[in-house]
Amino acid sequence: MHCFKYQTQQIYKRSSKMRFSLIYVISAVALMYACTASDENHDALKSQIEEIAAKAPGQVGVAVIYGTDTLTINNSEDYPLMSMFKLHEAIAVCHTLEKTKAGLDTTLIIKRNMLDHGTWSPMLKDYAADSFHISAGKLVEYILIDSDNNASNILFDSIVSVAATDSIISEILPGRGFRLSHTEAEMQKKHELSYKNATSPLAYASLVNRVFSDSIMSHRSQSFIIQLMYDCNTGMSRIAAGLPDSVAFAHRTGSGYVNERSEVVAVNDGGYVSLPDGRAYSIAILVKDYAGPQEDAEKVISEISKTIYKYILLSAKLF
């Protein structure tokens with residue numbers, strides 16, 4: 001041992017070139033080991049998720065973004081967004097109001113008889129008058145917290161169209177992976193149109209990641225959207241159910257109609273998970289055409305969420 005140490009010291013003295021070569025070899029071996037370990041970790045987590053997804057009577061897609069690491073399962077672009085598109089809408093509304101310098105305090109006059117009384121709309125209970133004034137910001141609050149369909153339709157009719165929303169979000173996600181074509185009102189009349197508003201799991205997780213880790217609009221508007229996503233109280237038996245109370249979770253959900261095959265068109269959840277130690281990740285879990293009760297699809301989402309959380313809790317990297 002001492003002899004080897006002495007000889008190594010002599011080599012270092014004689015040749016700086018050899019010293020750098022030795023460092024290079026050691027670094028290369030370390031990198032090779034890290035890459036091998038990373039591949040193994042990636043495969044292990046992916047296998048666990050795929051096993052859960054394979055048991056579900058429906059198409060299950062997953063995307064996780066953790067720092068510079070990304071993991072996807074069944075990442076096709078055909079998952080109906082349903083009310084998850086209200087995040088796209090909220091971003092487009094804020095962007096449009098900033099561009100026109102109108103602001104979120106812009107007031108709209110709404111006639112109650114123009115609203116759909118047969119759709120999901122908590123706003124109807126809060127505004128009982130035949131006509132009422134409401135701010136654009138309050139409508140954004142209704143769509144992101146309560147998933148209010150009337151509020152969504154009003155914003156599309158008064159502030160920004162679906163086509164304009166699609167264009168605005170495409171600038172944030174140049175690779176796209178999504179498409180927006182119809183309003184809640186149009187899907188309510190013709191349920192099969194819900195397949196036209198679609199996304200890949202990665203596109204949705206990427207949008208969430210931009211909202212929480214990048215600057216895509218004014219700080220005031222972006223902070224407003226982020227807080228509303230933390231306040232969202234729909235779909236808490238999905239991703240949130242797989243997380244402990246110590247974890248902060250901001251999200252937007254989407255739930256579909258039942259199609260002609262008696263399948264639930266979509267049971268979705270996507271958001272941002274913040275661990276107490278400061279680490280965070282964006283996640284989207286989408287279930288398409290589920291041949292069973294919505295509650296069972298939510299259990300699948302919860303199980304996948306729990307699997308991912310446990311893995312990240314114990315890992316410095318996703319893979």
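## Helix packing, burial and backbone features of a predicted chain

The chain of this predicted model comprises 11 helices and 10 strands, where helices (H or I, at least four residues) and strands (E, at least two) are DSSP runs numbered from the N terminus. Residues are numbered from 1 along each chain as its sequence is written, and side-chain values use heavy atoms, with hydrogens and water left out. Local features need pLDDT of at least 70 and side-chain atom pairs count only at pLDDT 80 or more, whereas totals for chains, interfaces and linings use all residues.

Of the 319 residues, 51% count as buried; buried means under 20% relative accessible area, exposed over 50%, and partly exposed in between (1.4 Å probe, protein chains only). The accessible surface of the chain is about 15500 Å², and carbon and sulfur atoms account for 55% of that area. Contact means heavy atoms within 4.5 Å. Among contacts between residues at least 6 apart in sequence, 66% join residues at least 24 apart.

Helix α3 (residues 85-100) packs with helix α10 (residues 219-231) at an angle of about 155°, and their axes are 10 Å apart. Axes are lines fitted to C-alpha atoms, for helices over the stretch in contact, and angles run from 0 to 180 degrees between N-to-C directions. The two helices α3 and α10 are therefore roughly antiparallel, a class that covers angles over 145 degrees. The crossing of α3 past α10 is right-handed. On the α3 side the contact is made by L87, A90, I91, C94 and E98, and on the α10 side by S221, I225 and M229. These residues divide into six nonpolar, one polar and one charged; Ala, Val, Leu, Ile, Met, Phe, Trp, Tyr, Cys and Pro count as nonpolar, Asp, Glu, Lys and Arg as charged, and the others, Gly among them, as polar.

Helix α5 (residues 136-146) is mostly covered, with nine of its 11 residues buried. The buried set consists of A136, G137, L139, V140, Y142, I143, L144, I145 and D146. S147 follows α5 and has a positive phi, near 60°. In helix α7 (residues 162-172), the buried residues are V162, T165, D166, I168, I169, S170 and I172. The buried residues of α7 pack against α3, α6 (149-158), β6 (178-179) and α9 (201-213).

Positive phi values also occur at M82 and at S262, neither of which is a glycine.

With a relative accessibility of 44%, M236 counts as partly exposed. Leaving aside neighbours within four places in sequence, M236 is in contact with A241 and H251. The C-alpha atoms of M236 and E298 are separated by 9.2 Å, although the two residues lie 62 residues apart along the chain.

Definitions and conventions:
Parallel < 35°, antiparallel > 145°, perpendicular 65-115°, else oblique. Left-handed = near helix turned anticlockwise from the far one by under 90°. Areas by Shrake-Rupley, 256 points an atom, 1.4 Å probe, with all protein chains shown as cover.
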